[in-house]
Amino acid sequence: MYRTYSSATDISFCFIFAPEDSVNSPANVIAAANMATSFKTILFDPELSAKLESELRVERDTRDSDTLPSALQNYLDSSPFKLEDKPGQEEVALTRKFGDESIRITFSIADLNNMDQDDADQFGEDPALSDEEAADAAATNVQSGGGNTKGSINQGRTKGGNFAVAPEDSIAPSDRADGSYEDPNSGEGEQEPSFPARLNVLITKAGKGALQLDVTAQDGEVLIENVYYFKKPELADAKTAELDWSRRNLYTGPPFGNLDEDLQVLLERYLNERGIDTALALWVPEYIDWKEQREYISWLSNVKTFVDA
């Protein structure tokens, strides 16, 4: 018995009875080949392919993800930091030299997708937004499934759905004519907060060890959470189980909030002098949002290519 399929919903069965000695006859071989071809046809899902194409169209229409917005590029052009960003990877790095110090800042677009539901509600997300509502909202600056639209500020896609854009946030830094950033606290009315972007700051000196700082960048503020010191810089970014084990038993310093207030202020100034400042804190969430949009479009395209193959 073999089966032939004319479509995903039209399935017919054809029975062939043949003597045992004719199983390998040319006719049966051809019949088996036709069966395989028909079976391959049923594996293609036109509805899924069409939906992926629709999502791609929406995402490409809401933002040109291949071109870095002018405000983001202007920051890189005027900043001492060099950008390291490999397509297809979540982590991004900024590096620079400061005297005899080597500074490396890393952050990830996973922060945007890993926000839990409480965080999503805080930043204005409506997880109940339906596909129809999302499609209608695309024309009014609501993101459908991917990163935020070109008209929003520091709001991106999370795992639950979409962000609406408040009227006061209708002009993104990347769309301002002068490419400048606007102080989120300078406008009138209530502003939507940006999502908190976590930064890992590593400052090393040859032969003198390393400082590692856990930092959050949000709404133009650089918030230090922890400061660690390592005599061996490789322990700061332990890439092997052995190094990770060696690091676990080290005393690396108290929580930042437990430090003397004057010491906290001086450590914040220490970072500011090295370019880890308000401009960077505004730029990182914007860049995460732009990169996440680009990676999402690439993901959609790759999935569609696989489904259609």
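A residue is termed buried at under 20% relative accessible area, exposed at over 50%, and partly exposed in between (1.4 Å probe, protein chains only). By this criterion Asp111, with 9% relative accessibility, is buried. The model is predicted, and local features need pLDDT of at least 70, side-chain atom pairs count only at pLDDT 80 or more, and totals for chains, interfaces and linings use all residues. Residues are numbered from 1 along each chain as its sequence is written, and side-chain values use heavy atoms, with hydrogens and water left out.

**View 1. Salt bridge between Arg198 and Asp111.** A salt bridge places a side-chain nitrogen of Lys or Arg within 4 Å of a carboxyl oxygen of Asp or Glu; here the closest N and O atoms are 2.6 Å apart. Arg198 belongs to strand β8 (residues 197–205) and Asp111 to helix α4 (residues 110–113), so the contact ties together parts 87 residues apart in sequence. Helices (H or I, at least four residues) and strands (E, at least two) are DSSP runs, numbered from the N terminus. Arg198 is exposed at 53% relative accessibility.

**View 2. Salt bridge between Arg274 and Glu101.** The N to O distance is 2.8 Å. Arg274 occupies the loop between α8 (261–273) and α9 (278–308), whereas Glu101 lies in strand β5 (residues 101–108), 173 residues apart. Both partners are buried, Arg274 at 7% and Glu101 at 3%.

**View 3. Salt bridge between Lys304 and Asp308.** The closest N and O atoms are 2.5 Å apart. Both residues are in helix α9, four residues apart, and are therefore separated by about one helical turn. Lys304 is buried at 16%; Asp308 is partly exposed at 32%.
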